[in-house]
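Please open the model in your viewer and keep the sequence panel beside it. The stops below say what to select and what is found there.

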Amino acid sequence: MYDLIAEMWSFAFMRRAFVATTVLSASVAPVGAFLVLRRLSLAGEAMAHAITPGIVIGFVTAGLSVMSLLVGGLIAGVGVAILTAFLARRTILRSDASLASLYLIALAVGIFILSAAGSAVPLKSFLFGSILGIDDASMVLVGGVATVTLLAFAVLLRPLIVSTCDPVFFETQTRGPWLVDQGFMLLLVLNLLAAFKTLGTLMAVGLMILPATAARYWASTITGQLILGFLFALSSCWIGLTLSYLFPDTPSGPAIVLVAGGFFLFSAIFGPLGFGRRMRKPSVSKDIPIAQIQQEERAQ
Amino acid sequence: MSDRIQRSGAGRGGSGVVGAFVARDLRGDLMSAVLQIRDLTLGYRDLTLFHRLSMDIAAGTTLAVLGANGSGKSTFVKMLLGLMDPLSGSLIWPQGRPRDIGYLAQMTEFDRRFPIRVRDLAAMGAWRGFGYRTGLDAAARDRMAAALDEAGVLDIADRPLHMLSGGQLQRALFARVIMQDAPLILLDEPFAAVDQSTEAHLLSIIRRWRDEGRAVVLVVHDLSSVLDYCSHALLLGGQEATHGPVNDVLTPDRLVAQGYLSESQASWMFRGTHSTAEHANV
């Protein structure tokens with residue numbers, strides 16, 4: 001075992017992958033936490049699909065460079081985000097239905113172009129990521145996105161918390177509530193692009209959502225949620241990369257997300273806000289059980 | 001009966017008449033107006049809720065807003081908050097638009113699973129005063145302790161929201177409004193989901209606000225003792241808006257004319273009062 005890890009560590013591409021995913025974890029963890037808290041977990045997945053045509057068009061026209069990935073993905077992602085907001089505001093559709101419609105169109109466009117472009121495209125690594133694909137430029141992309149994300153969160157954290165906790169109240173507090181919404185969507189798209197090389201388009205959201213939902217079972221405060229989410233994400237990456245190395249034909253994306261899924265299941269069973277509460281001795285506290293909240297929410 | 005037809009007829013002809021009466025009524029009032037509403041018509045593109053309302057919201061008064069579902073109570077509050085524009089008319093803020101308007105939305109809109117504690121929720125009322133890196137200063141912390149204490153949630157200040165009952169959450173949200181420290185406070189059906197003792201407790205906070213010279217606008221969902229705490233009422237319905245002292249507006253005739261009560265409901269609720277005799281004659 002130890003030999004295997006020492007051997008793994010001797011490869012530059014593995015060391016590179018560990019560094020990249022460590023930085024990536026710090027970047028995607030807060031984005032994932034707020035995706036979950038803002039009830040946008042599925043919107044995150046949809047957005048990951050929505051950026052596909054941008055990446056594909058960038059790839060077909062300019063090759064698999066970081067620049068083409070970034071430009072194409074940003075245009076597609078921001079375009080879909082703005083169109084979604086526009087449809088939700090001006091038509092009867094809610095934002096989830098608007099986004100679903102748009103991402104399906106975008107995904108179909110992406111796959112269509114990808115197929116038309118022929119077999120030159122490494123489809124598997126495209127969809128599921130590859131640790132071999134992390135070159136210097138990708139490292140710069142991940143580092144750049146992480147820097148932007150963490151700086152943005154330093155500035156946006158309080159407005160983001162208020163707008164997530166009570167959007168109606170937040171609207172009364174500021175002239176431009178959409179700035180926070182769209183700013184967050186932009187961060188989401190950037191992080192999806194940063195995660196693309198390691199995780200692929202299908203798995204990119206996995207590293208955001210699963211550590212965040214796992215942390216949700218333990219944390220009663222935002223700070224706890226953010227820190228724990230990061231630790232889960234980081235552990236998932238390290239263990240996942242090791243697995244991916246041990247089983248040479250497995251893509252890195254599913255390996256990492258599978259480990260994150262393990263953390264999620266563990267947390268759901270043992271976490272104090274999951275089933276764990278029930279497994280402790282029955283208490284005489286006056287806490288309101290989750291079941292009662294659910295009951296009241298149904299009643300409304 | 002003839003009296004009712006006449007009054008509702010006049011109102012339909014132009015609620016401005018009612019508004020003008022009210023404006024005159026308030027002119028002698030020493031209380032300064034926090035907000036003057038002039039010729040306000042409120043509604044959406046294909047739906048006018050009411051026409052040409054003119055009224056003042058004075059400091060130290062409590063205004064009850066009543067109306068049937070869909071009469072525009074919440075829309076009125078949203079308009080006051082600046083979240084939507086009126087179809088016509090204007091809002092004049094004699095002392096300038098307040099930096100912050102106290103606001104409490106209907107509680108059903110609140111996500112109780114959000115992972116923060118009671119004290120963080122209350123602190124949110126003053127979040128714009130925080131620096132990007134610094135939280136509450138010592139003075140604000142004292143103010144928050146006082147707010148939590150007044151709202152009756154100081155002993156559960158460190159509890160996460162998902163452990164609160166409906167009444168406790170509403171108290172915590174009141175603490176947030178206290179932290180907002182605003183000259184104008186809008187409360188949208190604050191007692192819809194709380195028990196009587198909580199309601200009494202929260203009403204005492206509203207009375208303090210009034211005594212401090214703040215203006216409180218209270219959307220209420222039914223005729224109840226809450227109205228005893230209100231000096232003025234705004235009745236919406238039937239594309240009309242009627243404003244004035246509570247006892248002048250909430251008469252059985254008005255309430256029926258604007259579709260808030262049916263005639264039988266009105267005669268039951270106001271039985272034993274002067275107007276029952278009229279109804280009995282009919």
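Two residues are taken to be in contact if their C-beta atoms, placed from the backbone, lie within 7 Å. This is a predicted model, in which local features need pLDDT of at least 70 and side-chain atom pairs count only at pLDDT 80 or more, whereas totals for chains, interfaces and linings use all residues. Residues are numbered from 1 along each chain as its sequence is written, and chains are lettered from A and ligands numbered from 1 in the order in which they are written.

Begin where the chains meet: 22 residues of chain A are in contact with 24 residues of chain B. On the side of chain B that touches chain A there are 16 nonpolar, three polar and five charged residues, where Ala, Val, Leu, Ile, Met, Phe, Trp, Tyr, Cys and Pro count as nonpolar, Asp, Glu, Lys and Arg as charged, and the others, Gly among them, as polar.

Next, select the sheet of chain B, an open one with mixed pairing, whose six strands follow the order E5-E6-E7-E3-E8-E9. Helices (H or I, at least four residues) and strands (E, at least two) are DSSP runs numbered from the N terminus, and two strands pair if DSSP finds at least two bridges between them. Strands E5 (102-104) and E9 (240-245) of chain B stand at the edges with a single partner strand each, so one side of each has no neighbour in the sheet. Strand E5(B) runs parallel to strand E6 (residues 184-188) of chain B, to which three bridges join it; zoom in on Tyr103(B), which stands opposite Leu186(B) in E6(B).

Now move to chain A and colour helix H4 (residues 52-62). How many of its eleven residues are buried? Eight are, so H4(A) is largely enclosed by the rest of the structure; a residue is buried if 20 or more other C-beta atoms, placed from the backbone, lie within 10 Å of its own. Among the buried residues are Pro53(A), Ile55(A) and Phe59(A), and the buried residues of H4(A) pack against helices H3 (41-50), H5 (66-90), H6 (95-116) and H10 (177-203) of chain A.

Finally, display H5(A) with H6(A), whose axes come within 8 Å and cross at roughly 145°, the axes being lines fitted to C-alpha atoms over the stretch in contact and the angles running from 0 to 180 degrees between N-to-C directions. Contributors to the contact include Val80(A) and Leu83(A) of H5(A) and Leu99(A) and Leu102(A) of H6(A). By class, this contact of H5(A) with H6(A) has nine nonpolar, three polar and no charged residues.

Notes:
Buried ≥ 20, exposed ≤ 12 C-beta atoms within 10 Å, placed from the backbone.
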